Amino acid sequence: MEEKQLMQNKPGIAKMIRAHFLSSIIAPIILGTLLAVHLNGRLEVLNFLIVLIIGIGLHVATNVYNDIFDTIQGTDKVNVHRNESSGGSGVLLDNPELMGKMFLLARIGLIVALAGTIALMPLINKMLWPYLWGLYLLSAFFSKYYTAPPFKLAYRGWGEISVWFAFGPMAILIATVSQNLGLHPLIWLLMPATGLSTSSILLAGQMIDLDADRAGGKHGVASRMGTRVTSVIYLLVQSGIIVNVILLFIFFPGNSWLFLFALIPYILIFPKAAGIIFKNHDNPDMIKQGAKLTVLIHLAFSLLLIIGFLIYIFL
């Protein structure tokens, strides 16, 4: 009976891979694909499914490796402010015997993404193969070495840049490449927003996890510059998303006003989130409320921009 209860208390795969954060990779892949459909006039369905699998595999590896090495290096162990928006899953703290399974999950994610990359090769123009492989290899590097030694990007001040790059330009580009589209000028316009949206979640999380990050030697923006500066950077990042959407409206031809619907959460939710984070930048318990709102902004923004693109294509 006791053994059965222990089995029931084991975390599921969804918690181990932090599935609720997969929207950060799904959204840019969908948006990049929709842009390619707009420019090419067709959708390569199989290519889209494969690149989605590649993206999810890489993101799963990133999430799991992050948990593994933050636990090994002590950051998660001293974090007393863990929540659904930051601080890792806590799986290995509660179930250290799952370390082997977590490593297996991370490696499976990379292998699945590798298999998808190989499968995509005969489906796209050979001229795009260097882009495809460059993006896979760089993504695989970020997946492990965001927190793993010897590089430990997030511990050495490169975490924010790598997150923006991975979930913005890289995710958009691999989606367009999978649809046989190279570096069209409009792709550059779409690249920043999704990475900035994910970065805003990261920044809010860093303000919550500040003490644990400093204790574990994880020197992100908040650890290096303090919560006041980080709160200002958070506001600037969110403002950058607004500017990016306005630029999409200005430079895309036709009914580009549809993209402006993505700014609805910035009218309805962002003022409250911004007020909480700016006024209470040094109060982790209050920042948790702002972080929840930031995740909600991210989800609503991503969904509305996708819907806007879908309608834009068919109008």
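Trainee: Why is Phe259 called buried?

Mentor: Its relative accessible area is 0%. Buried means under 20%, exposed over 50%, and partly exposed in between (1.4 Å probe, protein chains only). So Phe259 counts as buried. This is a predicted model: local features need pLDDT of at least 70, side-chain atom pairs count only at pLDDT 80 or more, and totals for chains, interfaces and linings use all residues. Residues are numbered from 1 along each chain as its sequence is written, and side-chain values use heavy atoms, without hydrogens and water.

Trainee: Is Tyr312 buried or exposed?

Mentor: Buried: its relative accessibility is 6%.

Trainee: What makes Trp257 and Phe261 an edge-to-face pair?

Mentor: Rings of Phe, Tyr and Trp (its six-membered ring) pair if their centres lie within 6.5 Å; planes under 30 degrees apart are stacked, over 60 edge-to-face, the rest tilted. By this rule there are 18 aromatic pairs. Trp257 and Phe261 sit 6.0 Å apart, centre to centre, with 65 degrees between the planes. Therefore the pair is edge-to-face.

Trainee: Why is Trp257 called partly exposed?

Mentor: Its relative accessible area is 41%, so it falls in the partly exposed class. Phe261, at 40%, is also partly exposed.

Trainee: Why is the pair of Phe259 and Tyr312 called tilted?

Mentor: Its planes are 50 degrees apart, and its centres 4.9 Å. That angle is neither stacked nor edge-to-face, so the pair is tilted. The two residues are 53 apart in the chain.

Trainee: How do you know that Arg228 lies over the face of Phe278?

Mentor: A charge sits over a ring if NZ of Lys or CZ of Arg is within 6 Å of the ring centre and within 35 degrees of the ring normal. Arg228 is at 4.3 Å from the ring centre of Phe278.

Key
Helix = DSSP H or I, 4+ residues; strand = E, 2+ residues; numbered from the N terminus.
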